[in-house]
Amino acid sequence: MENKNILVFSPHADDAAIFIGGTLAKLSRDGWKIYIARVTNDDFDSKGLDQKTTIEKNRSEAEAAYAALGAVETIHMGFKSDYMRMNDYNKLRGDIAELIRKIRPYSLYTFDLDMRGESNLDHKIIAEAVHEALWISAFDLHYPEHFEKGLTTYSVPELVLFSTAPDECYTANDIESVMDVKIKALCCHETPINNMLMNAIQSAEYAGLPCDELKEILDAPRDEVIAMFATKLAAGIGEPFGLNAAEMIKVCPSSLGIFG
């Protein structure tokens, strides 16, 4: 296969590593060129930091994490996090279509449109824009300004989905051989993962649940905590399929898959 480009749209810095980090590490190991587009600036994903520092730390941590996964390029699209409903949707969709036309990936990875119970609108709206851009990038009357930059229309051969709530159409991808790489990438995301863990304690306290044990766990070195949670999560996903560590993905054989 001549085209071994993969384009990933990660709404937030840590989404790629959390949901498909092992999958991407395997693909990179097998010679695929991974491009990861980080759509938002993760403006608010921290605890105890000002916004400027939050944006800077999440950017540098994303670059380190994606490099650990084997990505050849990190693309910062620069949209404001948690404001997707208020952002310019046409610009979002056009910028995504431009990346598709520029990178010309064989496979495109994105969140699923049909995520049950998904409350994060960044995930949903960006998924919607990616799915639209997937077929729009093949139309020569959409975003003709791209052609002035030397780009041409393009149709993506394969769409791969990941989800916060995978359904029965998803398959388990064995990531045991690259679990160490996934953990290394996750450990790079110190800022958002610290926020996630602190919010878990806060939620437990507000619910009146005992959280002394959780606090003790979090007193351990952060890399050890991340490794423990990541290993348990991957093991839980893989167990029903007889795997020691897995991630869930859904592969559509061509861009026509978006039409059902």
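Q: Which residues are buried in α6?

A: In this predicted model, the buried residues of α6 are T191, P192, I193, N195, L197, I201 and A204, where buried means a relative accessible area under 20%, exposed means over 50%, and partly exposed covers the range in between, computed with a 1.4 Å probe on protein chains only. Helices and strands here are DSSP runs, numbered from the N terminus, with helices being H or I runs of at least four residues and strands being E runs of at least two.

Q: Before I go on, how are residues numbered, and what pLDDT do local features need?

A: Residues are numbered from 1 along each chain as its sequence is written, and side-chain values use heavy atoms, with hydrogens and water left out. As this is a predicted model, local features need pLDDT of at least 70 and side-chain atom pairs count only at pLDDT 80 or more, whereas totals for chains, interfaces and linings use all residues.

Q: Back to α6, then: what do its buried residues pack against?

A: They pack against α2, α5, α7 (212-218) and α8, with contact taken as heavy atoms within 4.5 Å.

Q: And how far apart are its end C-alpha atoms?

A: They are 24 Å apart, which agrees with the 24 Å that the 17 residues of α6 should span at 1.5 Å a residue; the expected span of a helix is 1.5 Å times one less than its number of residues. After α6 comes G208, whose phi is positive, near 75°.

Q: Which residues other than glycine have a positive phi?

A: D82 is one of them, with a positive phi of about 65°, and it sits in the loop between β3 (71-79) and α3, partly exposed at 43% relative accessibility. Another is Y143, with phi near 50°, placed in the loop between α4 (121-136) and β5 (158-162), but Y143 is buried, with a relative accessible area of 9%. As background, most residues other than glycine have a negative phi.

Q: Switching to pockets: how much space lies in the largest one?

A: About 630 Å³ lies in the largest pocket, the volume being the space filled by probe spheres set on grid points that are joined across faces, edges and corners. A pocket is an open set of points, on a 1 Å grid over the protein atoms alone, where a 1.4 Å probe fits and there is protein on both sides within 12 Å along at least five of seven lines, and lining residues have an atom within 4 Å of a point.

Q: Which residues lie nearest its centre?

A: Of the 26 residues that line the largest pocket, D14, I18, P192, I193 and M196 lie nearest its centre. The elements giving two or more residues to this lining are α1 (15-29), α5 (179-188), α6 (190-206) and α8 (222-238), and α6 gives the most, with six residues.

Q: Is the lining nonpolar, polar or charged, and in what numbers?

A: It divides into 13 nonpolar, seven polar and six charged residues, with Ala, Val, Leu, Ile, Met, Phe, Trp, Tyr, Cys and Pro counted as nonpolar, Asp, Glu, Lys and Arg as charged, and the others, Gly among them, as polar.

Q: How many salt bridges are in the whole structure?

A: A search finds 11, a salt bridge being a side-chain nitrogen of Lys or Arg within 4 Å of a carboxyl oxygen of Asp or Glu. Among them, E56 pairs with K52, with the closest N and O atoms 2.6 Å apart, and D95 pairs with K91 at 2.8 Å between the closest N and O atoms.

Q: Where do E56 and K52 lie?

A: Both lie in helix α2 (residues 51-69), four residues apart, about one turn of the helix; E56 is partly exposed at 42% relative accessibility, while K52 is exposed at 57%.

Q: And where do D95 and K91 lie?

A: They are both in helix α3 (residues 89-103), again four residues apart, about one turn, with D95 buried at 19% relative accessibility and K91 partly exposed at 43%. Elsewhere, salt bridges that share partners join D112, D167 and K250 into one network.

Q: Last one: is K26 buried or exposed?

A: K26, which lies in helix α1, is buried, with a relative accessible area of 18%. Leaving aside residues up to four places away in sequence, K26 touches N173, D174, I175, S177 and V178.
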